[in-house]
Amino acid sequence: MNKRAAALVSACLTLAASFALIVNPSAAQPAEGCELHVWPSSGLAMMRARAHDNFAYGHGPALGGGIGGMLAPEKASRVQGVVDNFSYEQKEAEQVEMLQPSRQRELLLQAPLAEALHLGGYRIVIHDESATMAMVRNPAPLVGAASPCHAELLLANLTHARVYAHGHSLKSLVILREFGPAHELKQRAAIPIEAALTTSPKEEQRTPEAFAEDLERAFLDTIGLFARARDKAQDKGGKAK
């Protein structure tokens with residue numbers, strides 16, 4: 001087993017252990033015949049921003065406002081004030097293999113998704129299609145599941161963001177919707193997530209291999225961060241919108 005694979009296995013084990021600590025026993029009862037449908041992000045966008053842009057463009061607090069300001073990857077290079085002497089197209093071309101949808105699917109297959117989201121017993125269905133903002137905004141179920149209940153997990157706007165004087169991180173918008181037997185919406189959570197990166201934000205001070213490994217670890221962390229943010233909102237008696 002190479003170092004990268006060993007690191008990912010370690011990340012998955014750590015992820016599973018952390019989930020075991022937060023699972024509500026009453027919510028973890030196996031659900032027979034239910035499905036969790038998952039759509040990965042369409043790819044990794046690159047964004048460099050000034051410090052105050054971290055909030056101005058929707059990457060601020062985990063809950064509340066700002067979700068509508070999340071940047072779609074295809075727009076990240078065109079928003080005035082976000083890109084500062086930074087060529088999105090060039091960077092995307094250089095890192096095209098990092099966290100592409102096919103790699104995201106491989107990583108998601110390793111993660112204990114159902115347990116993390118309190119959907120114990122749900123069968124995982126990872127789709128070939130990538131999540132889009134149109135899918136995020138659509139209130140209707142995205143699949144005509146024949147199962148007695150199903151949930152939909154969408155990972156949108158996956159972005160490597162480097163903020164001046166604040167380092168860099170992996171940001172995304174995570175959406176979870178749960179439907180009942182009549183396809184009625186029972187619960188919905190849409191939360192912008194920021195996962196820390198441990199490598200240097202300066203390209204000359206890191207190797208491409210270390211950066212790719214760091215991104216993949218942060219990608220796996222995203223699910224756990226989302227689960228904890230949603231649980232925190234629910235514990236306070238509120239809803240993650």
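This is a predicted model: local features need pLDDT of at least 70, side-chain atom pairs count only at pLDDT 80 or more; totals for chains, interfaces and linings use all residues.
User: How many helices and strands does the protein have, and in what pattern do they follow along the sequence?

Analyst: The protein has 7 helices and 6 strands.

User: What share of the residues is buried, and what share of the contacts links residues 24 or more positions apart?

Analyst: Of the 241 residues in the protein, 49% are buried. Among contacts with a separation of 6 or more, 73% are between residues 24 or more positions apart.

User: Next, salt bridges. How many does the structure hold?

Analyst: Side chains of opposite charge can pair when their charged atoms come close. This structure holds 7 salt bridges.

User: Which parts of the chain does the salt bridge of Glu178 and Arg230 link?

Analyst: The side chains of Glu178 and Arg230 meet with an N to O distance of 3.2 Å. Glu178 is in strand 5 (residues 168-179) and Arg230 is in helix 7 (residues 208-235), so the pair, 52 residues apart, links distant parts of the chain. Both Glu178 and Arg230 are buried.

User: Which salt bridges does Arg217 form, and where do the partners lie?

Analyst: Arg217 forms a salt bridge with Asp214, with the closest N and O atoms 2.7 Å apart. The side chain of Arg217 also meets that of Asp221 in a salt bridge, at 2.6 Å from N to O. Both pairs are within helix 7: Asp214 and Arg217 are 3 residues apart, about one turn of the helix, and Arg217 and Asp221 are 4 residues apart, again about one turn.

User: Are Arg217, Asp214 and Asp221 buried or partly exposed?

Analyst: Arg217 has a relative accessible area of 22%, so it is partly exposed. Asp214, at 4% relative accessibility, counts as buried. Asp221 is at 25% relative accessibility and therefore counts as partly exposed.

User: Which residues are linked with Arg103 in a network of salt bridges?

Analyst: Arg103 is linked with Glu106 and Glu216 in such a network.

User: How is the packing of helix 4 and helix 7 described?

Analyst: Two packed helices are described by the angle between their axes and the distance between the axes. Helix 4 (residues 101-110) packs with helix 7 at an angle of about 55°, and their axes are 10 Å apart. The two helices are therefore oblique to each other. Their crossing is right-handed.

User: Where is Ile191, and how far are the C-alpha atoms of Ile191 and Ala229 separated?

Analyst: Ile191 is in strand 6 (residues 185-196). Ile191 has 0% relative accessibility and so counts as buried. The C-alpha atoms of Ile191 and Ala229 are separated by 7.8 Å, while the two residues are 38 residues apart along the chain.

User: Last, backbone angles. What is phi of Asn157, and what is phi of His183?

Analyst: Most residues other than glycine have a negative phi. Asn157 is not a glycine, yet its phi is positive, near 55°. His183, also not a glycine, has a positive phi of about 65°.

User: Where do Asn157 and His183 lie, and is each buried or partly exposed?

Analyst: Asn157 is in strand 4 (residues 150-163). With a relative accessible area of 4%, Asn157 is buried. His183 lies in the loop between strand 5 and strand 6. The relative accessible area of His183 is 32%, so it is partly exposed.

Technical notes:
Residues are numbered from 1 along each chain as its sequence is written. Side-chain values use heavy atoms; hydrogens and water are left out. A salt bridge is a side-chain nitrogen of Lys or Arg within 4 Å of a carboxyl oxygen of Asp or Glu. Buried means under 20% relative accessible area, exposed over 50%, partly exposed in between (1.4 Å probe, protein chains only). Axes are lines fitted to C-alpha atoms, for helices over the stretch in contact, and angles run from 0 to 180 degrees between N-to-C directions. Angles under 35 degrees count as roughly parallel, over 145 as roughly antiparallel, 65 to 115 as roughly perpendicular and the rest as oblique. A crossing is left-handed if the near helix is turned anticlockwise from the far one by less than a right angle, and right-handed if clockwise. Contact means heavy atoms within 4.5 Å.
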